[in-house]
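Student: I would like to go through this structure step by step. Can we begin with a single residue and work outwards?

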Amino acid sequence: RHNRITTFALIIPRFEDIFHSFYSGEVIKGASLAASRLKVDILVHIAERFSHEDWLTEALLNRDIFNGILFADIDGDATMIKTVISQKMPYLVMNNYFQKEAINCIAIDNKKASIELVDYLVSLGHRKIATIAGDLTTQAGKLRLEGFQEGLKNHDIEIPERYIEVA
């Protein structure tokens with residue numbers, strides 16, 4: 001008798017230096033640890049970042065092969081997730097938040113976190129606060145920069161252009 005192995009796909013968008021990325025490393029370590037504790041397998045699928053056509057192959061959507069999909073980041077592609085939902089594939093989206101869509105997601109409030117960080121630095125007496133903004137093509141990067149700018153504005157602190165570096 002063949003025992004079916006429970007297998008989940010972890011999809012991570014490809015970007016420059018992915019294997020030296022703190023974020024990717026932590027996502028893979030966390031998924032691997034959870035898989036080990038649950039006694040399931042994880043397949044890591046590194047997919048094209050800006051073109052999502054290769055993310056959802058026939059095999060990935062096959063419930064006889066995979067029991068679910070964990071998306072490390074999807075750059076707000078709700079259409080792709082709706083395809084997963086229509087196939088009744090269990091899924092979770094990390095690092096993207098959907099307010100207007102019924103999509104299973106987990107993310108921090110990046111904007112609020114940035115505002116709170118600025119508030120904290122100002123409470124320590126700092127007035128010259130700079131940022132190295134993340135990737136502004138991502139939801140997280142955009143919201144963190146918005147929060148930084150709003151936080152400084154809340155304290156009537158000018159933001160010289162040279163205080164914002166985009167990585």
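Predicted model: local features only at pLDDT ≥ 70, side-chain atom pairs only at ≥ 80, totals over all residues.

Tutor: Leaving out residues up to four places away in sequence, Trp-55 touches Ile-11, Pro-13, His-45, Ala-47, Glu-48, Arg-49, Leu-60, Phe-71, Asp-73, Ile-74 and Met-80.

Student: Which residues touch the most other members of the largest nonpolar core, and which element gives the largest share?

Tutor: The largest nonpolar core has 20 residues, and those touching the most other members are Trp-55, Leu-56, Ile-69, Phe-71, Ile-74 and Val-93. Two or more residues each come from β1, β3, α2 and β4. The largest share, 4 residues, comes from α2.

Student: What is the order of the strands in the sheet?

Tutor: The sheet is open, has 5 strands and shows parallel pairing. β2 (41–47) and β5 (105–106) each have a single partner strand, so one side of each is left without a neighbour in the sheet. With those two at the edges, the order is β2-β1-β3-β4-β5.

Student: What angle does helix α2 make with β4?

Tutor: Helix α2 (residues 78–86) packs on the sheet, where it touches β3 and β4. Its direction and that of β4 make an angle of about 160°.

Student: How does the span of α1 agree with its number of residues?

Tutor: Helix α1 has 17 residues, and at 1.5 Å a residue they should span 24 Å. The expected span uses one less than the number of residues. The end C-alpha atoms of α1 agree with this, being apart by 24 Å.

Student: Which strands do the buried residues of α1 pack against?

Tutor: The buried residues of α1 are Ser-24, Val-27, Ala-31 and Ala-35. Seen down the axis of α1, they fall within an arc of 65°, so they line one face of the helix. The helix, residues 22–38, runs at about 175° to β1 (7–13). Its buried residues pack against β1, β2, β3 and β4.

Student: Which exposed residues does the face of α1 turned away from its buried side carry?

Tutor: Exposed here means over 50% relative accessible area. On the face turned away from the buried side, the exposed residues of α1 are Phe-22, Lys-29, Ser-36 and Arg-37.

Key: Residues numbered from 1 in each chain as written. Heavy atoms only, no water. Pairing = 2+ DSSP bridges. Contact = heavy atoms within 4.5 Å. Axes fitted to C-alpha atoms, helices over the stretch in contact; angles between N-to-C directions. Buried < 20%, exposed > 50% of the residue type's maximum accessible area, 1.4 Å probe, protein only. Arc of directions from axis to C-beta. Core = buried A, V, L, I, M, F, W, Y, C linked by side-chain atoms within 4.5 Å.
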